[in-house]
Amino acid sequence: QKWPLVRQLDLQVSGRIEDFRVRTGTSFYQISPAVDITGQIYKLISSTATYRSTNPTLALRWRPVESVMLRGSVAHGFSPPTFDQLLENPDPSMFPSIITDPRRGRASYGVFTLSGGNRDLEPETSRSESAGVVFTPRHFKGLRLSADWLRINKQNNIGTLALQQMIDNELFFPARVQRDAVPTGDSYGIGPITLVDLSTLNLLRSSVESIDFSAGYRRATDHLGTFEVIALCTVTEHFQQQLAFRQPTIDTVNFRNSPLRRQGNVAVTWEFRRWTLGWSARYVGGYRVSGPPLTTSTLVTTRQGGVFVKSQDFHDVFAAYRFRRAGSGPGINVPRWYERALRGGEITVGLRNVFNLRPRYDVVNSTYFYSPWGDIRLREYRITLKKPL
């Protein structure tokens, strides 16, 4: 349209209805030697859970002028429990575990436990929000710049509590801590614990917030082919997790096994006739291996030589050739006996980690002591052949 400030306006309103039925059952049984604890040599355990979810999505795209586009969305989602999270274990542990009972003078004694899944689990739910801007200047054809903000909140994350943690929070889960009758003349007014149910629960929540930046430029020429440069960068502002029940969320962004604060890549490609040549560089920002809020221990810091694993960058190159299709223009000459086999196909030769760079030293990886963002195979050679049927 050519209306003032409304060159383009798109509104999306949608809903997704999903029905899930999850069936699960005993994954194995022992024939010999037979185990007869409950009076049955073999007992089949099964459960079925049914979920229905209605998840709306609202999205808006607005172009006030030709070179600027604004966009945003709000969406809901859910993830049902897996089959193993629903499979109950009706048999208690064979041996008791020592606990401290805060409701009986912090007395210590042994109790039996139940573990496994829980057929009453609720799905994990999420809400995502995003907003962004795209800039394509009219007087610089082929250039595209964008920035997008994203936040995802998750609720009802499935998890478990440790034995003592469940006992300390008995008032929140009274059905999961079973007690015997009060002994005659007992001064505590409550009986000792006989069994604790530690099966899975809907417990925790998490939230992640990030900003994605991208820049791209594509230029087609008459005689030298097409050149393209693309740069992408992600900055994660927050990664908040509730690691334990009734505990506040903590921000673990840029810690090992959490989203990095910064990472990105740059790629340059050149297309000329049937050839494509490319180079890319991957940047992995430095990350923490220790320190608050996760730990105050200095042992890891001492062994690492600091609290950070330094940033890393890796470079890759590739070359691809597309064989001509029947009736298409000229290509490279190949013998007739396999020209037909290669017709319409594409062959790619690549070199990953060109400079043979080692991953950074990471003391937390106590098995091999290398950063999980690197590859201990170092330089890697690849050749790929694609052929349409």
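**Exercise 1.** Leaving aside its neighbours within four places in sequence, which residues is V317 in contact with?

*Solution.* Start with the ground rules. This is a predicted model, where local features need pLDDT of at least 70, side-chain atom pairs count only at pLDDT 80 or more, and totals for chains, interfaces and linings use all residues. Residues are numbered from 1 along each chain as its sequence is written, and side-chain values use heavy atoms, with hydrogens and water left out.

Step 1. V317 belongs to strand β17, residues 312-322. Strands (E, at least two residues) are DSSP runs, as are helices (H or I, at least four), and both are numbered from the N terminus.

Step 2. List the partners. Contact means heavy atoms within 4.5 Å. V317 meets G278, W279, V349, G350, L351 and V354.

Step 3. Take one partner. G278 is 39 residues from V317 in sequence, yet their C-alpha atoms are 5.6 Å apart.

Step 4. V317 is partly exposed because its relative accessible area is 32%; buried means under 20%, exposed over 50%, and partly exposed in between (1.4 Å probe, protein chains only).

**Exercise 2.** Work out in which order the 4 strands of the open sheet with β9 are arranged.

*Solution.* Step 1. Two strands pair if DSSP finds at least two bridges between them.

Step 1. Pair β9 with β5. Strand β5 (residues 107-114) runs parallel to β9 (residues 193-197), over 3 bridges. Within this pair, L114 has D197 as its bridge partner.

Step 2. Pair β9 with β8. Strand β8 (residues 177-179) is antiparallel to β9, again with 3 bridges. Here V177 stands opposite V196.

Step 3. Assemble. The order is β4-β5-β9-β8, with mixed pairing. β4 (97-101) and β8 are the edge strands, each pairing on one side only.

**Exercise 3.** Which residues touch the most other members of the largest nonpolar core?

*Solution.* Step 1. Define the core. A nonpolar core is a set of buried Ala, Val, Leu, Ile, Met, Phe, Trp, Tyr and Cys residues joined through side-chain atoms within 4.5 Å.

Step 1. Name the residues. They are M166, I193 and V196, in a core of 16 residues.

Step 2. Find the suppliers. β5, α2 (163-168), β9 and β10 (201-220) each give this core at least two residues.

Step 3. Look elsewhere. Another core of 7 residues lies apart, including V22, Y51, F78 and L86.
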